[in-house]
Amino acid sequence: MRIRIYTIAGRKIREIVVPQHALQVGFNRVPWDGRDEVGDDIANGYYLYQVQVSSGGVVNTAIEKLVKVR
């Protein structure tokens, strides 16, 4: 599973890769410290995230909104 976090302008700020053995059927929680790829805190505001899961050659993707409020 891959989770990519983007600014509203479309710039990718973080990618989190979760190995398949760490996932279970149903609800999964993936921790994220609110930092970008270089370790800086992201600013308050709206972002988009894309979740991509592949299984048996089939790739499922979903894009949703996220808000960081401090």
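Here are some friendly notes on the fold and on a few residues of this predicted model.

1. **Ground rules.** Numbering starts from 1 along each chain as its sequence is written. Because the model is predicted, local features need pLDDT of at least 70 and side-chain atom pairs count only at pLDDT 80 or more, while totals for chains, interfaces and linings use all residues; side-chain values use heavy atoms, with hydrogens and water left out.

2. **Elements.** The chain has 0 helices and 4 strands, and from the N terminus its elements read β-β-β-β. Here helices (H or I, at least four residues) and strands (E, at least two) are DSSP runs, numbered from the N terminus.

3. **The sheet.** The 4 strands make an open sheet in the order S2-S1-S3-S4, with antiparallel pairing. Its edge strands are S2 (12-17) and S4 (58-68), each of which pairs on one side only. From one strand to the next the twist averages 20 degrees; axes are lines fitted to C-alpha atoms, for helices over the stretch in contact, and angles run from 0 to 180 degrees between N-to-C directions. Two strands count as paired if DSSP finds at least two bridges between them.

4. **The S1-S2 hairpin.** Strand S1 (residues 2-7) is joined to S2 by 5 bridges, and the two run antiparallel. The hairpin has 4 residues between S1 and S2, and Gly10 in the turn has a positive phi of about 100 degrees.

5. **Gly10 in its loop.** Gly10 lies in the loop between S1 and S2. Its relative accessible area is 45%, so Gly10 is partly exposed (buried means under 20% relative accessible area, exposed over 50%, partly exposed in between, with a 1.4 Å probe and protein chains only). Gly10 and Arg70 are 60 residues apart in sequence and 22 Å apart in space, C-alpha to C-alpha.

6. **S3 and its two partners.** Strand S3 (residues 45-55) pairs with S1 in the antiparallel sense over 6 bridges, and 11 bridges join S3 to S4, again antiparallel. Leu48 is a handy landmark: Leu48 in S3 is the bridge partner of Tyr6, and Lys65 in S4 is the bridge partner of Leu48. The hairpin of S3 and S4 has 2 residues between the strands, and Gly56 there takes a positive phi near 60 degrees.

7. **Arg4.** Is Arg4 buried or exposed? Arg4 sits in strand S1 and counts as buried because its relative accessibility is 15%. Leaving aside neighbours within four places in sequence, Arg4 is in contact with residues including Lys12, Arg14 and Glu15, as well as Leu48, Tyr49 and Gln50; contact means heavy atoms within 4.5 Å. Arg4 and Tyr46 are 42 residues apart in sequence and 14 Å apart in space, C-alpha to C-alpha.

8. **The chain as a whole.** The C-alpha atoms fill a box of roughly 35 × 20 × 20 Å along the principal axes. Of the 70 residues in the chain, 19% are buried. Among contacts with a separation of 6 or more, 35% come from residues 24 or more positions apart. The accessible surface is about 5400 Å², of which 52% belongs to carbon and sulfur atoms (Shrake-Rupley method, 1.4 Å probe; for residues, only the protein chains shown count as cover).
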